[in-house]
Amino acid sequence: MFLATVAASGEKIGIGEAAITALLGYVVVFVGLALLMVVVIIMGKIMVASKAKKAAAAPAPAAAPAPAPVPEGKPAPGSAGQLKLYDTPDRDAAMIMAIVANKMGKPLNELRFKSIKEVK
């Protein structure tokens with residue numbers, strides 16, 4: 001049975017000494033990982049605090065003007081009714097509807113959009 005290991009210097013070491021060397025290597029690696037984890041957590045807290053500070057310093061955006069009232073009556077041919085936009089410009093809503101229609105392979109007048117809301 002082979003009970004000795006050859007060290008890097010070329011001399012033979014026993015199983016106990018090899019086990020201690022391996023254990024110390026594992027300890028060094030895990031301590032390094034723990035320190036790295038602490039650094040990442042601290043950096044995360046700094047970034048969250050910085051973002052909160054910027055949000056508090058930024059003035060509240062002015063209220064968007066109310067959309068012009070749409071006259072009641074019969075909708076245009078091919079339309080599917082009214083569309084409610086929440087924090088989305090008309091141009092972006094039109095692009096979103098065109099992209100969805102293209103991806104689904106259906107004409108735009110066959111789809112019905114009830115509302116479009118920007119997710120923040």
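**Close-up views of a predicted model**

**View 1. Leucine 35 on helix H1.** Leucine 35 is exposed, at a relative accessible area of 53%. The model shown here is predicted. Leucine 35 sits in helix H1, which covers residues 15-57. Among the elements of the protein, H1 has the highest mean pLDDT, 93.

**View 2. The nonpolar patch that includes Leu35.** A nonpolar patch on the surface is formed by Leu23, Tyr26, Val27, Val29, Phe30, Val31, Leu33, Leu35, Leu36 and Val40. Together these residues have about 1,000 Å² of accessible area. Leu35 belongs to this patch, and its relative accessible area of 53% is over the 50% that marks a residue as exposed.

View 3. Aspartate 87 has a positive phi of about 55°, although it is not a glycine. Most residues other than glycine have a negative phi. Is aspartate 87 buried or exposed? Aspartate 87 counts as exposed, because its relative accessibility is 52% and the cut-off for exposed is over 50%.

View 4. Threonine 88 is buried, since its relative accessible area of 13% is under the 20% cut-off. A polar atom of the threonine 88 side chain lies 3.1 Å from the backbone oxygen of tyrosine 86. Which residues does threonine 88 touch, leaving aside those up to four places away in sequence? They are Ala93, Ile116, Lys117 and Glu118.

**View 5. The whole chain, for orientation.** The protein has two helices and four strands, and along the sequence they follow the pattern β-β-α-β-α-β. Of its 120 residues, 7% count as buried. Among contacts with a separation of 6 or more, 46% are between residues 24 or more positions apart. The average pLDDT of the protein is 81, and 72% of the residues score at least 70. Strand E1 (residues 4-6) has the lowest mean pLDDT among the elements, 59.

Notes: Residues are numbered from 1 along each chain as its sequence is written. This is a predicted model: local features need pLDDT of at least 70, side-chain atom pairs count only at pLDDT 80 or more; totals for chains, interfaces and linings use all residues. Side-chain values use heavy atoms; hydrogens and water are left out. Patches are made of residues with over 30% relative accessible area and no salt bridge: like charges are joined within 9 Å, nonpolar side chains (Val, Leu, Ile, Met, Phe, Trp, Tyr) within 5 Å. Accessible areas come from the Shrake-Rupley method with a 1.4 Å probe; for residues, only the protein chains shown count as cover. A salt bridge is a side-chain nitrogen of Lys or Arg within 4 Å of a carboxyl oxygen of Asp or Glu. Buried means under 20% relative accessible area, exposed over 50%, partly exposed in between (1.4 Å probe, protein chains only). pLDDT is the predictor's confidence in each residue, from 0 to 100. Contact means heavy atoms within 4.5 Å. A polar contact is a pair of N or O atoms within 3.5 Å; within protein, one must be able to donate a hydrogen and the other to accept it, and residues adjacent in sequence count only if both atoms are side-chain atoms.
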